[in-house]
Amino acid sequence: MQQSILKLHDSDNVAVALRDLHSGEVLPDNIVIRDNVPRGHKVAVAGIAPGERVCKYNHVIGSATIAIQAGDHVHLHNLGMREHVVADEGIRERSVVDDKAPSDYLTFMGYRRSDGKVATRNYIGILPSVNCAASVSRFIADEVRARGVLSRYSHIDGIVAVSHGLGCGVAARGEGLEILQRTLAGYARQPNFGGALVVGLGCEVNQTDRLFESQGLAAGARLRAFDIQDVGGTQAAVEAGVQQIAELAPLIDSARRERVPVSDLVLALQCGGSDGFSGITANPALGVASDLIVRHGGTVILSETPEIYGAESLLIARADTPVVAEKLIARIHWWENYARVTGTDLDNNPSPGNHEGGLTTILEKSLGAIAKAGSTRLTDVIQYAEPIATKGFVFMDSPGYDPCAVTGQVASGATIICFTTGRGSVSGFKPVPCVKIATNSEMFRRMEGDMDLDCGAIVGAEKSVAQVGREIFELLIATASGHKVKSERFGFGDHEIVPWHVGATV
């Protein structure tokens with residue numbers, strides 16, 4: 001008979017419904033279902049008094065707001081967020097598995113750049129310095145396609161006009177402009193861009209010359225720039241842009257894939273549209289793949305600081321040094337203050353889709369989200385879009401909004417993305433390929449055209465987390481070597497670029 005519920009740890013007082021449970025059903029241990037419990041949601045397996053802790057994954061995910069009886073549906077109506085205090089004890093010790101690289105030396109087929117970085121794709125980028133130049137940037141890309149400028153170059157994956165809504169209306173000095181400039185510089189240096197053209201308007205706050213100067217960028221054979229006002233308006237800018245791309249194309253097309261070690265891979269870890277199965281199937285399986293990459297000398301980037309809130313102690317315990325731990329604690333405190341001054345709280349992070357999928361509090365969501373990062377030591381904590389300076393497992397500060405978080409990871413140097421989802425996702429993030437992983441088989445079958453791999457077999461014990469993690473790892477290596485994933489075949493990725501906007505619009 002099909003298993004009805006899954007209790008994740010002996011100490012838990014809730015279990016996950018593996019199918020829709022109906023009022024009146026009798027489960028093992030004589031648990032009588034007292035009200036309907038949707039698949040993926042929580043059911044109490046013991047009585048829980050008001051104020052008593054509710055535990056899942058052997059961790060507290062909140063407390064009962066009213067009395068809960070065994071067999072009750074546990075969700076928004078009876079489970080609330082406990083007051084959370086950021087824990088900093090134990091930061092002098094590391095409690096992680098050995099992350100020494102294994103003896104087998106794995107490789108993939110990538111593009112080695114002149115700065116030593118390795119790309120998984122070979123695109124041309126057009127980067128507007130300001131939203132006012134976004135349409136002209138798109139017009140240039142459209143005209144390049146219409147004229148077939150790249151048709152003779154079989155080793156170029158395409159052209160991407162990066163659109164964003166920032167660049168003016170912000171203070172000429174300060175955190176908001178610094179983040180945007182760091183993000184655009186990261187895209188200019190992104191290994192998956194073989195070359196790029198920066199297009200400015202001319203009168204914006206984010207001046208192209210100041211952008212280059214502040215970020216240490218230098219115009220050259222692979223990086224060009226001009227301002228629309230200087231060249232004479234839209235039509236002249238389109239012509240100038242097409243000419244610049246035509247000059248870049250032969251140089252970019254000269255790149256060839258070569259065998260490179262997995263240690264050159266930089267993986268961005270993401271989840272979106274999470275559900276009650278995310279922390280049971282896809283996220284821990286991705287954690288296995290993450291550990292394999294790190295143990296082969298590669299780099300993985302976890303982000304979305306509001307989505308580790310409440311479970312940050314698990315990462316603090318894995319910090320390589322007290323300095324790294326303190327950097328993470330500082331970012332958590334920044335977010336607590338940011339939420340306070342903006343009149344919100346971090347428990348508002350779970351979305352309506354998360355709630356419908358069975359997740360209740362940010363503590364529960366965070367415990368599942370952190371599983372993506374496996375078990376290796378935390379080597380660094382970096383600011384949004386800051387260049388990665390270390391190998392291994394790195395945390396990048398960012399909002400929990402997926403496109404914004406991915407934008408920062410791409411700017412920091414990620415060359416491949418793995419995105420787990422329980423509700424479904426239709427997005428991509430050019431110039432970086434995005435592998436989509438389904439947490440449950442029902443959604444995978446319904447959205448198979450968008451999903452690359454199904455982790456639902458873990459629920460029925462048909463496959464182990466370790467087995468599926470190895471499948472994810474092998475799919476990542478194939479994708480890094482040129483295999484096109486579903487989002488690439490659809491052409492997603494031109495409109496999901498969302499730099500983090502911090503500060504007032506003036």
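Student: Is D264 buried, partly exposed or exposed, and at what relative accessibility?

Tutor: Good place to start! This is a predicted model, and in it D264 counts as buried, at 17% relative accessibility. The cut-off for buried is under 20% relative accessible area.

Student: With which residue does D264 form a salt bridge?

Tutor: The general idea comes first: side chains of opposite charge can pair when their charged atoms come close. Here, R112 is the partner of D264, and their closest N and O atoms are 2.9 Å apart. R112 lies in strand β10, while D264 sits in the loop between β16 and β17 (266-271), so this pair ties together parts that are 152 residues apart in sequence. R112 itself counts as partly exposed, at 38% relative accessibility.

Student: How many salt bridges does the structure hold?

Tutor: The structure holds 22 salt bridges. Another of them joins E356 and R423, with the closest N and O atoms 3.3 Å apart. This pair also links distant parts of the chain: E356 belongs to helix α9 (residues 352-356), R423 to the loop between β21 (416-421) and β22 (434-438), and they are 67 residues apart. E356 is exposed, with a relative accessible area of 55%, and R423 is partly exposed at 33%.

Student: Where in the structure do R470 and E474 lie, and how many residues apart are they?

Tutor: Both are in helix α13 (residues 465-480), 4 residues apart, which means that about one helical turn separates them.

Student: Let me go back to β10. In what order do the strands of its sheet run?

Tutor: The order is β11-β10-β16, an open sheet of 3 strands with antiparallel pairing. At the edges stand β11 (118-119) and β16 (258-261); each has a single partner strand, so one side of each is left without a neighbour in the sheet. Strand β10 (residues 107-112) pairs with β16 over 4 bridges in the antiparallel sense. To find your bearings on screen, look for G110, which stands opposite E258 in β16.

Student: How many disulfides does a search of the whole structure find?

Tutor: In general, a disulfide is a covalent bond between the sulfur atoms of two cysteines. In this model the search finds 0 disulfides. Take C168: its closest cysteine sulfur, in C132, is 6.0 Å away, too far for a bond. For comparison, the cut-off is 2.5 Å between sulfur atoms. C418 is in no disulfide either, and the nearest cysteine sulfur, that of C434, is 7.5 Å away.

Student: Is C418 buried or exposed?

Tutor: C418 counts as buried, at 0% relative accessibility, whereas C168 counts as partly exposed, at 38%.

Student: One last residue, please. Where does N206 lie?

Tutor: N206 is in the loop between β14 (193-200) and α3 (208-215). Its relative accessible area is 0%, so N206 is buried. Setting aside residues up to four places away in sequence, N206 touches S129, G167, L177, L180, Q181, L184 and L211. With Q181 there is also a polar contact of 3.1 Å between the two side chains.

Methods: Residues are numbered from 1 along each chain as its sequence is written. This is a predicted model: local features need pLDDT of at least 70, side-chain atom pairs count only at pLDDT 80 or more; totals for chains, interfaces and linings use all residues. Side-chain values use heavy atoms; hydrogens and water are left out. Helices (H or I, at least four residues) and strands (E, at least two) are DSSP runs, numbered from the N terminus. Buried means under 20% relative accessible area, exposed over 50%, partly exposed in between (1.4 Å probe, protein chains only). A polar contact is a pair of N or O atoms within 3.5 Å; within protein, one must be able to donate a hydrogen and the other to accept it, and residues adjacent in sequence count only if both atoms are side-chain atoms. Contact means heavy atoms within 4.5 Å. Two strands pair if DSSP finds at least two bridges between them. A salt bridge is a side-chain nitrogen of Lys or Arg within 4 Å of a carboxyl oxygen of Asp or Glu.
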